[in-house]
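Have the sequence and the 3D view ready.

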Amino acid sequence: MAQSFVGAGDVYLDRLTDAGASQGFVKVGAGKLEIKPNSEIKEQISKGRDTYGQVIASVAINKPAEISVVLTQVDRKALAIAFLGEDTAHGVTASSAVDEAITARHGKGVFLAKRNVSSVVVTDATGVTTYVLNTDYTLDTRLGMITALSTGAITDGQSLLVDYSYAAESGYKIQGATKPLVKMGLFLDGKNMVDGASCYVSIWETQVAPESAVDFLADDWAEITLKGTMVTPTGKSEPFTVTMLDAV
């Protein structure tokens with residue numbers, strides 16, 4: 001076995017339930033998986049006349065092991081963890097809206113309930129007067145946003161009714177800041193680049209929180225840094241294991 005180590009590997013993440021139950025592993029992009037065991041040395045210091053300041057008893061006490069993970073693949077599951085929330089499917093079926101009520105604001109956009117709209121008709125609250133696009137208001141069809149023009153016939157603060165069609169949408173949504181921390185298990189399918197020997201790291205349960213913010217307007221690749229402590233679950237005698245195989 002090589003005496004030096006340069007690591008590479010694939011990280012698998014299991015987002016545990018609040019009760020610590022496994023939900024299955026998924027492969028994630030990671031640029032760092034760091035483990036730091038901790039201990040505290042408690043020393044009893046003598047106050048004796050001839051031994052003052054000397055250690056007369058010492059004991060080492062285990063402390064929770066720490067973990068630091070950097071996720072470089074910012075996908076659905078990673079974002080849910082970064083925002084301490086839950087991810088849910090987002091879907092909109094193409095349809096239409098009739099007499100959706102909004103309040104006009106001169107020079108300021110007002111969102112409709114749906115995006116990607118078409119066949120838009122804007123009327124007054126009675127439905128009698130129909131207003132003209134680019135004369136009385138402007139429309140951002142992708143965002144579903146109407147802006148009343150001060151030069152048009154719509155008054156500021158006026159109640160309006162809007163009919164429109166909207167396109168289908170599919171994706172996901174993160175409900176953020178719903179958890180104080182995230183429980184997860186981790187597995188590293190690693191390799192020592194020095195001799196090609198396999199290295200396996202199993203972390204049964206760790207409680208993590210994001211250490212860094214997610215900048216949606218960053219100039220560089222987004223990364224998510226998670227830090228926390230490990231837990232020794234029922235049935236285990238240690239919080240993690242590292243298995244190093246001989247090179248084949």
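Is Tyr166 buried or exposed, going by its relative accessibility? Tyr166 counts as buried, because its relative accessibility is 13% and the cut-off for buried is under 20%. Keep in mind that this is a predicted model. A pair of aromatic rings is described by two things: the distance of the centres and the angle of the planes.

**The tyrosine pair**

- The structure holds 4 aromatic pairs, and one of them joins Tyr164 and Tyr166.
- Their ring centres are 6.1 Å apart, with 55° between the planes, and this pair is tilted.
- Tyr164 is buried too, with a relative accessible area of 2%.

**The stacked pair**

- Phe187 and Tyr200 form a stacked pair, because their planes meet at 15° and anything under 30 degrees counts as stacked.
- The centres of the Phe187 and Tyr200 rings lie 6.0 Å apart.
- This pair links distant parts of the chain, as its two residues are 13 residues apart.
- Phe187 belongs to strand β13 (residues 182–192), while Tyr200 belongs to strand β14 (residues 198–210).
- Phe187 counts as partly exposed, at 26% relative accessibility.
- Tyr200 also counts as partly exposed, and its value is 29%.

- Over at Trp204, you'll find Lys236 lying over the face of the ring, 4.0 Å from the ring centre.

Notes: Residues are numbered from 1 along each chain as its sequence is written. This is a predicted model: local features need pLDDT of at least 70, side-chain atom pairs count only at pLDDT 80 or more; totals for chains, interfaces and linings use all residues. Side-chain values use heavy atoms; hydrogens and water are left out. Rings of Phe, Tyr and Trp (its six-membered ring) pair if their centres lie within 6.5 Å; planes under 30 degrees apart count as stacked, over 60 as edge-to-face and the rest as tilted. Buried means under 20% relative accessible area, exposed over 50%, partly exposed in between (1.4 Å probe, protein chains only). Helices (H or I, at least four residues) and strands (E, at least two) are DSSP runs, numbered from the N terminus. A charge sits over a ring if NZ of Lys or CZ of Arg is within 6 Å of the ring centre and within 35 degrees of the ring normal.
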